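Reader: I am new to this structure. Please walk me through it step by step.

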Amino acid sequence: MKKENQFFNWIKENLKNVYLIKIEHSLSVGIPDLMTILGGRINLIELKKIRTNTLENWGLNKFQKAFHIKHNKAGGRCFILVNRDKQSDLKLFKLGAGGFSHIITQPKTRHGLQKIFDAIKTYKN
């Protein structure tokens, strides 16, 4: 099982009463892994499970980067949720034309995950 699938399963098990859809990538490259509706808004989330601290090694390919930049520029809500294994934390970012913007870091716990999704819900474009 891909590490992002394991990460999705962990999110699904630890986040109750939130509408989540896993997006399959066979049709188009660059589209994020997860869709959720929070506060009446559609949010797309790229899931990354990594073992390093550097942005360059997160594994976002050029299609994913382009999708995030264009989608966010058009007023969409597209995020990157990173699970760093060694630190056992979750980091939420947005990627726009100006680069990565850090939104919040939380421990990899059920409570931390809820705070991440609260930050997505209340994020102002």
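Reader: How many helices and strands does the secondary structure of the chain come to?

Author: Helices (H or I, at least four residues) and strands (E, at least two) are DSSP runs, numbered from the N terminus. Here there are three helices and six strands. Along the sequence they follow the pattern α-β-β-β-α-β-β-β-α. One caution: this is a predicted model, where local features need pLDDT of at least 70, side-chain atom pairs count only at pLDDT 80 or more, and totals for chains, interfaces and linings use all residues. Residues are numbered from 1 along each chain as its sequence is written, and side-chain values use heavy atoms, with hydrogens and water left out.

Reader: What is the mean pLDDT of the chain?

Author: pLDDT is the predictor's confidence in each residue, from 0 to 100. The chain has a mean of 89, and 92% of its residues reach 70 or more. Confidence is lowest in helix α1 (residues 3-14), at a mean of 90. Helix α3 (residues 110-122) has the highest, at 97.

Reader: Why does the radius of gyration of the chain agree with a compact globule?

Author: That radius is taken over C-alpha atoms, and the globule rule is 2.2 Å times the number of residues to the power 0.38. For 125 residues the rule gives a value near 14 Å; the chain has 13 Å, so the two agree. The C-alpha atoms fill a box of roughly 35 × 30 × 30 Å along the principal axes.

Reader: What percentage of the residues count as buried?

Author: Buried means under 20% relative accessible area, exposed over 50%, partly exposed in between (1.4 Å probe, protein chains only). Of the 125 residues, 43% are buried.

Reader: Is Lys-49 buried or exposed?

Author: Lys-49 sits in strand β3 (residues 41-50). Its relative accessibility is 15%, so Lys-49 counts as buried. Now look at its contacts (heavy atoms within 4.5 Å). Leaving out residues up to four places away in sequence, Lys-49 touches Lys-3, Glu-4, Gln-6, Phe-7, Asn-83, Asp-85 and Lys-108.

Reader: And Val-29, buried or exposed?

Author: Val-29 lies in the loop between β1 (20-22) and β2 (34-38). Val-29 counts as exposed because its relative accessibility is 56%. Val-29 and Phe-67 are 38 residues apart in sequence, yet 9.0 Å apart in space, C-alpha to C-alpha.

Reader: What share of the contacts do residues 24 or more positions apart account for?

Author: Count the contacts with a separation of 6 or more. Residues 24 or more positions apart account for 47% of them.
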